[in-house]
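Biologist: I have the sequence and the coordinates open. Can we go through them together?

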Amino acid sequence: MITTYLAVTLITLLLMAVYNIGILSENLYSEKTMKLYAKANIISQSASAVWDANDDRVMYLRLEDTTDRLLAGTSIRGVVTNTSYTVLYDNHRAANMTGKVFMRDVIKRAIDGEQADTVFEADNGSTLAVAVPIEFNGEVIGGVYLAENLSSVTDTIGTIKASLLVFSLLLLFVIVLISIGISYIITHPIAEFTEVARAISRGDFTKRAKISGVREMAEMGQALNFMCDELNALEEKRKNFVSDVSHELKTPMAGIKLLCDSLVQAENPDMDTIREFLNDMSEEIDRLTRIINRLLTLSRLDSGADMNLSKVDVSALCEGVVESLRKIAHEKDIELVYESSDIEARIIELDYDKIYECVYNIVVNAINYTPDGGHVKTRVKYESELCIIEVEDDGPGIPDGEKLKVFDRFYRLDDSRARDTGGTGLGLAITKEAVLLHNGTIEVTDAQTGGSVFTMKLPVTEPGKE
Ligand SMILES: Nc1ncnc2c1ncn2[C@@H]1O[C@H](COP(=O)(O)OP(=O)(O)O)[C@@H](O)[C@H]1O
Ligand SMILES: [Mg+2]
């Protein structure tokens with residue numbers, strides 16, 4: 001990343017420098033040239049005014065007068081020639097050419113009647129030369145030649161180049177610093193995230209990424225940490241589940257073991273005692289089977305069991321559950337009713353067996369945990385694309401703090417009583433899994449009578465559509 005930044009910056013800087021220096025030197029040169037032309041034109045005009053070809057000496061003095069005044073304080077060389085290139089005046093003291101022939105391309109062009117300029121390399125550096133014709137009565141009578149050393153211009157450009165270089169280097173340095181900073185801000189958190197990801201793949205969910213850097217990085221870190229939290233919780237749950245399962249299986253096993261040992265140790269047990277012991281053993285085995293069956297159901301649901309969808313009339317399904325439990329309710333003297341609503345029954349698509357088991361579990365619970373003589377009501381209604389199943393009882397209810405926990409695996413409010421009812425603590429866990437598989441929700445609230453209301457909400461999916 002740093003390399004890319006640097007390359008882009010370098011190219012930009014280079015283009016900028018080349019372009020600016022080009023424009024600048026062009027401006028400086030053309031300004032110099034114009035000034036020199038202006039001076040040459042002044043000399044040409046005054047030469048034209050004092051032109052007196054008959055007396056070279058008078059002419060010389062007159063030319064010297066204007067030219068010296070104009071060129072005083074400059075390093076400009078001024079030469080005036082006639083049309084045969086003989087120098088009439090030269091301001092150069094040392095190599096004075098007066099009287100000699102002075103041939104230069106630019107002067108030739110001036111004598112031809114046009115003004116001309118050129119840049120040539122002299123011993124003391126670049127030199128700019130201009131020449132203009134001297135005219136008298138519309139006729140060219142000579143030429144003015146001015147030459148100026150360009151060292152001042154090249155010096156200026158040199159200085160600008162140098163300062164541009166220094167500026168570019170400084171800028172480059174700053175950019176390098178900034179890109180190192182930026183890449184640190186970006187790559188540092190990434191290195192940290194990688195470390196956490198590695199820890200996760202090793203099965204260590206306790207590592208957390210430091211939240212730092214730009215907002216996007218911080219958000220990514222938060223998401224990663226959140227994922228770790230979730231994984232950690234899941235792992236915790238898994239471990240607990242395994243120990244819960246072992247514990248739940250151990251109790252009936254211990255019971256069976258105890259019964260066996262007692263039988264073995266009993267001396268000459270009579271047939272009735274043996275039968276009683278075997279009966280107790282059979283009950284414990286039933287318990288074990290129940291737990292194992294429910295665990296199997298759960299694990300099927302967990303593995304995203306294949307849904308066996310069919311068109312179902314939920315009202316009829318609930319009524320069927322209620323009917324099948326009427327006998328058990330009657331034994332406890334519980335009034336069990338299915339409250340039919342007058343809205344027309346709808347046929348929705350769901351897994352019949354799974355939802356049947358859900359409703360069954362909830363109604364069985366309501367009967368089991370409601371004292372003798374209580375009431376259990378089941379009803380079905382439809383509300384804006386939701387099928388709502390409610391089971392209400394007037395039993396002891398569930399304290400607020402436990403309302404979520406009752407859906408956890410092996411969770412029982414009152415262990416001994418629940419065990420008496422043959423409860424495994426898995427009924428509601430299975431129910432919740434199955435409801436979730438249908439993209440539905442389940443919750444428990446307080447009933448007005450003091451008991452509890454279990455509410456299952458299933459999205460109504462029209463047959464044929466998902
Ligand atoms: N209608 C209810 N009224 C009071 N408590 C209930 C009711 N339904 C469930 N519970 C409580 O929730 C616990 C979990 O229920 P469940 O998962 O079906 O397990 P269990 O096998 O014990 O019935 C029960 O042990 C019971 O304490
Ligand atoms: Mg139950």
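This is a predicted model: local features need pLDDT of at least 70, side-chain atom pairs count only at pLDDT 80 or more; totals for chains, interfaces and linings use all residues.

Biologist: How many helices and strands does the protein have?
Modeller: The protein has ten helices and twelve strands.

Biologist: Is the protein a compact globule or more spread out?
Modeller: The protein is more spread out than a compact globule, because its radius of gyration is 54 Å, well over the 23 Å that the globule rule gives for 466 residues. Along the principal axes, its C-alpha atoms fill a box of roughly 170 × 60 × 35 Å.

Biologist: What share of the residues counts as buried?
Modeller: Of the 466 residues, 24% count as buried.

Biologist: And the contacts, what share joins residues at least 24 apart?
Modeller: That share is 62%, taken among contacts between residues at least 6 apart in sequence.

Biologist: On to α4. How many residues does α4 have, and what does it span?
Modeller: Helix α4 runs over residues 151–201 and has 51 residues. From first C-alpha to last, α4 reaches 72 Å, close to the 75 Å expected at 1.5 Å a residue.

Biologist: Where does α4 bend?
Modeller: α4 bends at Tyr184, by about 25°. Just after the helix, Gly203 takes a positive phi of about 90°.

Biologist: Which residues in α4 are buried, and what covers them?
Modeller: Pro189, Glu192 and Val196 are buried in α4. The cover over the buried residues of α4 includes α5, residues 215–265.

Biologist: Since α5 came up, is Val264 buried or exposed?
Modeller: Val264, which lies in helix α5, is exposed, because it has 8 other C-beta atoms within 10 Å and 12 or fewer counts as exposed.

Biologist: How far is Val264 from Tyr60?
Modeller: Val264 and Tyr60 are 153 Å apart in space, C-alpha to C-alpha, and 204 residues apart in sequence.

Biologist: Now α7. What does α7 reach from end to end?
Modeller: Helix α7, residues 314–331, has 18 residues and reaches 27 Å from its first C-alpha to its last, close to the 26 Å expected at 1.5 Å a residue.

Biologist: Where is the kink in α7 centred?
Modeller: The kink is centred on Leu325 and is about 45°. Just after α7, Asp333 takes a positive phi of about 60°.

Biologist: Which α7 residues are buried, and what do they pack against?
Modeller: Val314, Ser315, Cys318, Val321, Val322 and Ala329 are buried. The buried residues of α7 pack against β6, β7, β8, α8, β9 and β10.

Biologist: What is Ala345 in contact with, beyond its sequence neighbours?
Modeller: Leaving aside neighbours within four places in sequence, Ala345 is in contact with Asp313 and Ser315. Ala345 lies in the loop between β7 and β8 and is partly exposed, with 13 other C-beta atoms within 10 Å. Ala345 and Val380 are 35 residues apart in sequence, and their C-alpha atoms are 9.3 Å apart.

Biologist: Last topic, the ligand. How many residues surround ligand 1?
Modeller: Ligand 1 is surrounded by 22 residues, of which Asn365, Leu413, Gly423, Gly427 and Leu428 are the closest. The elements giving two or more residues to this shell are α8 and α10.

Biologist: Which element gives the most?
Modeller: α8 gives the most to the shell around ligand 1, with four residues.

Biologist: What is the make-up by class?
Modeller: The shell around ligand 1 has eleven nonpolar, eight polar and three charged residues.

Terms used: Residues are numbered from 1 along each chain as its sequence is written. Chains are lettered from A and ligands numbered from 1 in the order in which they are written. The expected span of a helix is 1.5 Å times one less than its number of residues. The bend at a residue is the angle between axes fitted to the seven residues ending there and the seven starting there. A residue is buried if 20 or more other C-beta atoms lie within 10 Å of its own, exposed if 12 or fewer, and partly exposed in between; C-beta atoms are placed from the backbone. Two residues are in contact if their C-beta atoms, placed from the backbone, lie within 7 Å. A residue is near a molecule or strand if its C-beta atom, placed from the backbone, lies within 6 Å of it. Ala, Val, Leu, Ile, Met, Phe, Trp, Tyr, Cys and Pro count as nonpolar, Asp, Glu, Lys and Arg as charged, and the others, Gly among them, as polar. The radius of gyration is taken over C-alpha atoms; the globule rule is 2.2 Å times the number of residues to the power 0.38.
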